Amino acid sequence: MEKILNNLYTHTLSCIEKKDMNEVKGNNEFFLEIFAEILGESKKPTESILLKALVSYIDSIAEKLVEAGYQEYAVELVRKFYKTEGQYSVTSLYFEKLLDSLFSVHSELKSFNSVKDISFIGLLLDLFLNTGEYQGRYYDNNIVYLFSRYYVVISKNRHLSDDEKVNIISYFISSCFHLSLVDGFDQDKEKIKLLENILANILKATVDRLDILIFREVIKQLPESNYLLSDKVDHKIIILKITIYLYYLIYKESIPAEEKSHLKEFGVLVKDYWQYTYLSLAPMWTRYVEIKSELSRWERMNNGQAKWLMMDSVVREFFLFFNCCKGIFDIDDIPEDILNESELFSFLNSNLKGSTFTEQLISDYMNFKEFISYNHGDNVTPILELNQLREQLLLRYKQIKFKELSNYINSTEIIDINKMIIYNKIEQMINEDPYLQLTGGNLNNINYQYETKNYTFRINVPIQFVAKKEGSDFKSIANNFKRAFESYLLNFLFHKGILVENITFKENNKIIRMLDIIKNLTNEGVTINSLVYGIKPDSVFLYQEDEVSKEKLAALIETLNSAETERHLWVGFDNNLLQIESGKLSVDIVNLSDEVIEDILTKSKREDGMYYLKITNEIHAPFYKEEARGYLLTERKTIVITKSINVSIQGSPGFILEIGNS
């Protein structure tokens, strides 16, 4: 069969060259019979190699017919294949070569009648009706792009008058409306969505081309044709999409002033539309995710240059602003699974400064009000509208956070497990501590007196940090304790009389300075045999030091009992005069203390008597006092780490030389 098809294809191309149309039409009828036979007998038409070959042959034949000037017949031929397939509805058909050639032809057509005679619009409608699910996969035939491309080709045609273009596109749009009258359309959710996207993308194309004549015509036809579109295709949602797009271009995107001026003329048309159109807000939000997803593909790119993608935030802002200015804002009308924690966080975190909206957001809202020209009452100011919006958004965000926290209230078992993980991390860190490594000894075996010191480290953390099974590895807690414990030890040694000197980053001869200190201490009878170092010979801090000095530092590190630290210093000592023995370690996770809570409440109280607590990042929500106290007790925990050490110091056992900025 493949050979027969190939021979038939070759013969048909030859006949087209000879302009033997009778033979061409006969061959194509034979192709059509074979096509119907394959559709009727194939178990998986979408995977049929023979069917794909036949469609490819017809595509090439139709392309050659167009090139030879038989475009009307080419369209008629392919539409027969769509009609035949419609009797079986088993596979998707796509004739790419023919479509490209027809678009090329239409860019040069010289009259409305010549456009109508070719019936390209009819072919596009057939292509739409052929979309569907076949063998578990949905085929959309690239239909949204093709319909928009048809408009663009007609609008660019330099031979057609403006009136002719308007007539052609009006007829085209009207034909789109009538698609909704096809049997079964109301039950086909994908086709409904495709038709909406087709109309929205045609409107987008008119905006991109600054074609206000066609834009006005489509905007006019949409509400007038609502009876055709049925309840499933909502013309208000289509215009909502293009309204958001215009708002984005006029107020958010960086485009030339002249283009922006033209776009404002489009804005006037949608402004007039919303002035006389009621839009129920609840259905609008049910389409929010879909609209945001589609419009994210409409964002303009800067010729391949990197840019911050903003369309998601623009759509979010538009929806909230629209609700804000259309009447009393009631967040309960918006499902929580749509205006969820992520959406709330994105908006509030970007637009709140403390507990109030930023000046930029207020300015954006004023622009929006000007753009949409909608007021629901003379006595309601934009600031009052925004305050109501802020209060309700924060209320929902706070409620979501309370629900989230309730999941951790009874997580004592998990907290105990994480407490042990923290204990093990700290214990490992202490075993590797450079000071304890170099000074450790059994103080019970020496005659010197020693004293026991207890160092307590506290850090407040969100409860999620310690109450999640898959929580952190707590490395950050161990590192924080490590730095704090080192500062505690150094401060303790300072108060016990160890020599402490500082040197700036800019000073030269840092190594010589340290060597001089060691020499002076040696002359005083203190033998420096141990060194904790945070500055190595190849450190950036020593880039001005000579090589001889660096070699001396390397030799010193090699010769002495040495251990490394992250802090930018040298600590040298005689470990016969300084001994530190590691003692007990305890880790606990407790509620915030009353003192800490009272301190937070005092700092968070505002003039209105409410307590504004930070929930996340820069988001502060209002609480009553007892509510705030309960939130703090639930939301935050204190990790308390206590480390005991036994210390024996004889005289001044060494030195600390630290490098700082000044």
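Predicted model: local features only at pLDDT ≥ 70, side-chain atom pairs only at ≥ 80, totals over all residues.
By the rule used here, the count of salt bridges comes to 34. As background, side chains of opposite charge can pair when their charged atoms come close.

**The salt bridge of Glu290 and Lys241**

- Glu290 forms a salt bridge with Lys241, and the closest N and O atoms of this pair are 3.7 Å apart.
- The pair links distant parts of the chain, with Glu290 in helix H16 (residues 288-296) and Lys241 in helix H13 (residues 235-251), 49 residues apart.
- Glu290 counts as partly exposed because its relative accessibility is 25%, whereas Lys241, at 0% relative accessibility, counts as buried.
- Both residues also belong to a network of salt bridges, in which Glu196, Lys241, Arg287, Glu290 and Glu294 are linked.

**The salt bridge of Glu259 and Arg300**

- Glu259 forms a salt bridge with Arg300, and here the closest N and O atoms are 2.8 Å apart.
- This pair, too, links distant parts of the chain, since Glu259 is in helix H14 (residues 257-275) and Arg300 is in the loop between H16 and helix H17 (311-326), 41 residues apart.
- Glu259 has a relative accessible area of 18%, and is therefore buried, given that buried means under 20%.

**The salt bridge of Glu336 and Lys403**

- The side chains of Glu336 and Lys403 meet in a salt bridge, with a distance of 3.4 Å from N to O.
- Glu336 lies in the loop between H17 and helix H18 (341-351), while Lys403 lies in helix H20 (residues 382-406), so the pair ties together parts that are 67 residues apart in sequence.
- Glu336 is partly exposed, with a relative accessible area of 35%, and Lys403 is partly exposed as well, with a relative accessible area of 49%.

**Helix H4 and what covers it**

- Helix H4 (residues 71-86) has 16 residues, which at 1.5 Å a residue should span 22 Å, and this agrees with its end C-alpha atoms being 23 Å apart.
- The buried residues of H4 are Gln71, Tyr73, Ala74, Val75, Leu77, Val78, Phe81, Tyr82, Thr84 and Glu85.
- The elements that cover these buried residues include helix H2 (21-41), helix H3 (49-67), helix H5 (96-106), helix H6 (112-118) and helix H7 (120-129), together with strand S1 (132-134).

**Strand S13 and its partners**

- Strand S13 (residues 636-649) is largely enclosed by the rest of the structure, because 11 of its 14 residues are buried.
- Strand S5 (residues 451-462) pairs with S13 in the antiparallel sense over 12 bridges, and within this pairing Pro462 stands opposite Arg636 in S13.
- Strand S10 (residues 578-591) also pairs with S13 in the antiparallel sense over 12 bridges, and the bridge partner of Ser586 is Thr642 in S13.
- In a regular strand the side chains alternate between the two faces of the sheet.

**Arg629 in helix H28**

- Arg629 has its place in helix H28 (residues 625-635), and it counts as buried because its relative accessibility is 19%.
- When residues up to four places away in sequence are not counted, Arg629 touches Asp594, Ile597, Glu598 and Leu601.

Terms used
Residues numbered from 1 in each chain as written. Heavy atoms only, no water. Helix = DSSP H or I, 4+ residues; strand = E, 2+ residues; numbered from the N terminus. Expected span 1.5 Å × (residues − 1). Buried < 20%, exposed > 50% of the residue type's maximum accessible area, 1.4 Å probe, protein only. Contact = heavy atoms within 4.5 Å. Salt bridge = Lys/Arg side-chain N within 4 Å of Asp/Glu carboxyl O. Pairing = 2+ DSSP bridges.
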